[in-house]
Amino acid sequence: MHQQKIDDDLRSIAKGNVLSDDWSKKIYSVDASEFEILPSTIIQVKDKEDISNICTYAYAKQLTITGRGAGTGLLGQSLSTGISLDFTKYMNKISEIENDYVIVQPGIVKAVLDKELKKKGKFLPPDPASSNFCTIGGMIANNSSGIHALGYGNTIDFLEGIEIIYSNGFIESLFKNTYNRHDLANKEINSIKTNKLNQLSKLFSSNILQYISLKFPKVTKNSCGYRIDTVFDTRKRYLPYKIFAASEGTLGITTLAKFRILDLPLYKSVMVIGFENILKAVKLVPTVLSLIPTSLELLDHSVLCYEKILRNKLNFKVNSNNNNNGGTLLFVEFAGDDVVKIESKIRSCKEKLYGYGEILEVTSDYVSSERIWSARKSALNNVMKLTVGSRKPISLIEDTIVNPEYLYDYTLFLLGIYKKYKLNYIFYGHAGNGNLHTRPLLDTASSKYNDIIASLATDVFSKVYELSGSITAEHGDGISRTKYISQMYGNTIFEIFKKIKFIFDPTNIMNPGKKIIQ
């Protein structure tokens, strides 16, 4: 079918703006990854009926559809050659705020939602470094986390309902607290929509649930594959809406999402500790975790010396002269409604770390705390600026996670790998979760590039599998890591993933090439 005819048809169907000029395609061809893929058409969708009509047309014509938020994905999640649906222009509203939940459209920016929730003394804890730009829809697609996931949890933990549009245009509202799988099975199924929930539930026998519990990563954050470990909770309640978190838009298009929200803590205190090197810092992570912080973050000299974050942003002096003897910072936050308990934890933390690291700053002041967290959150932006010509910080292994008990050994292993391949590198991340954002600096124009990155990924991911970790904690699979999903989970679980994809998107038009390669 000729593209001009498709564009004309879409203009007659869609209420939103249909963009097909070369300049718009160029803009939408990139995200925060190294990929560039031109979409066939961009539609700034108006509402759910708009999306439903577009999906119905695309389903009939076998055209692919990919949802897009702010384009902050690091693995090309929102890039495709098909129709790109942009939610940011029109579908960016808060639909409802109550005492313990909020319902929002997918195109709302996280920082905008934060501002409105703060007025009511509430917050939605997941806070990615890109919060000032990223959208809630993108956060659901990736199961985003951020610096406070340690104390509160990830996007999937707060998701309590969703309105989804399937590839054939059917709209499904999933806002019940729980679904009875037996009721679904016993009903006369006349609806394709309800049948999807029934088919999904039938995949999970008691034996399969036990196998999933055994085989899934033993970590606090995971965005790899489909999160089938959350579809049934510990009380065996059926929560089908959870399957859409971390699915990268491969199962349907989100139009509304309901989240549990919390009261803002009355008190916070942030401590910054300097260590001689990263190994000394990560060795103390379990010690700090024993005090139950709400956040425990890391910035290594490999970031500090490149961008001089300390000198420019925090005014701390940590030795960062070279790759062998540079400083590392740990950022620790305690929060809650009992100031006495927080002060006690700060004292205990100082005592436990005495002689191991230097306490550089302790503050309960809002402005000082924001300055500290701003420096930590700016790490990714600063790393992205390290590109010089074809020499770039490569993202393939940048989001691995292991149990924090293994973090010292895992960090030692990574340093050994970089030494083996004679690579410069950067380290930062969510140390309290065992989630390190590390990237080698590689010349992508080198004839050895493909071999080096493939060998590096094999070495690192094999170690992650061995430690029951995940190859992606919060950034997702996207284009780069999808091919490694089957290796991480094994054939039994990967076959379940394939069945889930077929249930919700039988013709493979929803963001193809992500999660499942067909």
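Helices in these legends are DSSP runs of H or I with at least four residues, numbered from the N terminus. The model shown is predicted.

View 1. Lys110 belongs to helix 4, which spans residues 110-118. Buried means under 20% relative accessible area, and Lys110, at 1% relative accessibility, therefore counts as buried. Leaving aside residues up to four places away in sequence, Lys110 is in contact with Leu124, Pro126, Asp127, Ser131, Cys134, Ile136 and Met139.

**View 2. The four-stranded sheet with order 1-2-4-3.** This sheet is open and its pairing is mixed. Strand 1 (17-19) and strand 3 form the edges, each pairing on one side only. Direction ignored, neighbouring strands are turned against each other by 20 degrees on average. Helix 1 (residues 3-13) packs on the sheet, where it touches strand 1, strand 2 and strand 4. The direction of helix 1 makes about 10 degrees with that of strand 2.

**View 3. Strand 4 and the two strands it pairs with.** Strand 4 covers residues 83-86. Strand 2 (residues 41-44) runs parallel to strand 4 and is joined to it by four bridges. Within this pair, Ile43 has Leu85 as its bridge partner, and Gln44 stands opposite Asp86. Strand 3 (residues 65-68) is likewise parallel to strand 4, again with four bridges. Here Ile65 is bridged to Ile83 of strand 4. In a regular strand, side chains alternate between the two faces of the sheet. In strand 4, Ile83 and Leu85 lie on one side, with Ser84 and Asp86 on the other. These four residues are all buried, and both faces of strand 4 are covered.

**View 4. The five-stranded sheet with order 5-6-10-8-9.** The sheet is open, with antiparallel pairing. Its edge strands, strand 5 (94-97) and strand 9 (171-174), each pair on one side only. From one strand to the next, the twist averages 10 degrees. Strand 6 (residues 101-104) and strand 10 (residues 253-260) run antiparallel and are joined by four bridges. Tyr101 has Arg260 in strand 10 as its bridge partner. Helix 3 (residues 48-61) packs on this sheet and touches strand 8 (159-165), strand 9 and strand 10. Between the directions of helix 3 and strand 8 the angle is about 50 degrees.

**View 5. The packing of helix 10 against helix 22.** Helix 10 comprises residues 206-215 and helix 22 comprises residues 491-504. The two helices pack at an angle of about 115 degrees, and their axes are 11 Å apart. Their crossing is left-handed. On the helix 10 side, the contact is made by Ile208, Tyr211, Ile212 and Lys215. Helix 22 contributes Thr492, Ile493 and Ile496. Of the residues in this contact, five are nonpolar, one is polar and one is charged.

Terms used: Residues are numbered from 1 along each chain as its sequence is written. This is a predicted model: local features need pLDDT of at least 70, side-chain atom pairs count only at pLDDT 80 or more; totals for chains, interfaces and linings use all residues. Side-chain values use heavy atoms; hydrogens and water are left out. Axes are lines fitted to C-alpha atoms, for helices over the stretch in contact, and angles run from 0 to 180 degrees between N-to-C directions. A crossing is left-handed if the near helix is turned anticlockwise from the far one by less than a right angle, and right-handed if clockwise. Contact means heavy atoms within 4.5 Å. Ala, Val, Leu, Ile, Met, Phe, Trp, Tyr, Cys and Pro count as nonpolar, Asp, Glu, Lys and Arg as charged, and the others, Gly among them, as polar. Buried means under 20% relative accessible area, exposed over 50%, partly exposed in between (1.4 Å probe, protein chains only). Two strands pair if DSSP finds at least two bridges between them.
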